[in-house]
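Open the model in your viewer and keep the sequence beside it. The tour below tells you what to select at each stop.

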Amino acid sequence: MIKRTIPFMILCAIALLPDIANAKVLHRHLNILQSSVPDSKTLATDNMEFIYDFCYSVDTVSNSIDTRDKMMLQISPEMSKFSSYTNMNVDSLINTMSPDEVVANAEKLVNGIPMIILKDYAAGKFTHSEKICLDWFKYEESVPEFEWELVDSVTTVLGYECKGARCSFRGREWMVYYCEEIPVMDGPWKFHGLPGLIMAARDANKEYAFECISINSHSSRDITVYDVPYNNATRKKFYDTLHRYDTNPFSYYQTTTGGSVTVTDEAGNPDLTAFDPMELDYDYIERDWREK
């Protein structure tokens with residue numbers, strides 16, 4: 001088995017190796033421990049919160065390796081926000097710790113998915129922001145249209161009866177379940193437009209899935225965003241950059257930050273192949289990004 005390490009206090013590399021026999025690397029990931037939390041600004045007062053289990057596969061050949069995170073959908077009368085519940089909790093912990101305590105508790109402070117989706121229906125736009133390596137990127141788009149087809153299918157989520165609907169959206173076929181008892185036309189990720197909250201969603205290839213696991217209908221938590229410099233991008237430019245990072249994260253880090261990364265095998269020898277670009281065995285949730 002290959003062991004990959006980086007001799008930096010705040011950095012660690014993780015390589016997923018499902019095929020130990022030939023040490024095939026399916027996915028490389030560079031974890032960067034944040035030592036402080038950026039300032040935030042308040043956009044709206046939240047009054048409903050829904051926690052979703054978000055799961056996606058990074059090995060579409062055998063579907064044996066999943067990445068998971070808890071995501072939070074905050075809904076106010078003005079807008080909604082979909083972001084990592086894990087990251088919110090990590091931010092809260094870091095705010096109570098000294099820099100030395102942050103380093104000592106590094107294993108407890110691993111971030112979740114750095115994706116934030118803001119839905120501003122009044123302004124007619126969605127804003128997707130996401131951290132790639134050390135930089136934040138952002139792009140705006142008009143509220144996307146989902147051509148839903150209602151289907152004769154019913155399931156239960158958290159004790160609520162949910163009806164089925166399906167659609168084709170940006171390269172994937174989706175099946176979702178919505179609850180008319182919760183009369184908000186919203187849902188996880190970019191989903192919206194059904195007569196009730198979308199409680200569960202899964203694409204036809206079973207590579208991406210969302211399921212609501214908790215409801216708080218009377219939250220006082222504000223909807224906030226990080227008050228940081230953003231690199232403004234188009235949707236294609238964002239995915240191009242994300243793909244460049246995901247296929248070669250160590251090299252991307254060195255090129256964009258001027259820092260240095262050393263990757264070794266378990267014998268302590270430099271592993272120069274770690275800096276070779278590699279094709280991903282999965283695709284992003286929006287598969288049409290290459291076409292734009």
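Select helix H3, residues 235-247. Within H3, the residues that count as buried are Arg235, Phe238, Tyr239, Thr241, Leu242, His243, Tyr245, Asp246 and Thr247. Buried means under 20% relative accessible area, exposed means over 50%, and partly exposed lies in between, with a 1.4 Å probe and protein chains only. Helices (H or I, at least four residues) and strands (E, at least two) are DSSP runs, numbered from the N terminus.

This is a predicted model, in which local features need pLDDT of at least 70, side-chain atom pairs count only at pLDDT 80 or more, and totals for chains, interfaces and linings use all residues. Residues are numbered from 1 along each chain as its sequence is written, and side-chain values use heavy atoms, with hydrogens and water left out.

How far apart are the end C-alpha atoms of H3? They are 18 Å apart, which agrees with the 18 Å that 13 residues should span at 1.5 Å a residue. The expected span is 1.5 Å times one less than the number of residues.

Next, select the sheet. Twelve strands form an open sheet with mixed pairing, in the order E10-E11-E12-E13-E14-E4-E5-E6-E7-E8-E9-E16. Two strands pair if DSSP finds at least two bridges between them. Strand E10 (149-157) and strand E16 (230-232) are at the edges, each with a single partner strand, so one side of each has no neighbour in the sheet.

Zoom in on strand E4 (residues 48-57) and strand E5 (residues 66-75), which pair in the antiparallel sense over ten bridges. Tyr52 is opposite Met71 in E5. On to strand E6 (residues 80-84): five bridges join E6 to E5, and the two run antiparallel. Here Leu73 has Phe82 in E6 as its bridge partner. Four residues lie between E5 and E6 in the hairpin that they form.

Now find two loop residues. Trp189 is in the loop between strand E12 (172-179) and strand E13 (197-203). Lys206 is in the loop between E13 and strand E14 (208-216). Most residues other than glycine have a negative phi. Phi of Trp189 is near 55°, a positive value, and phi of Lys206 is near 60°, also positive. Is each buried or exposed? Trp189 counts as buried because its relative accessibility is 1%, whereas Lys206, at 59%, counts as exposed.
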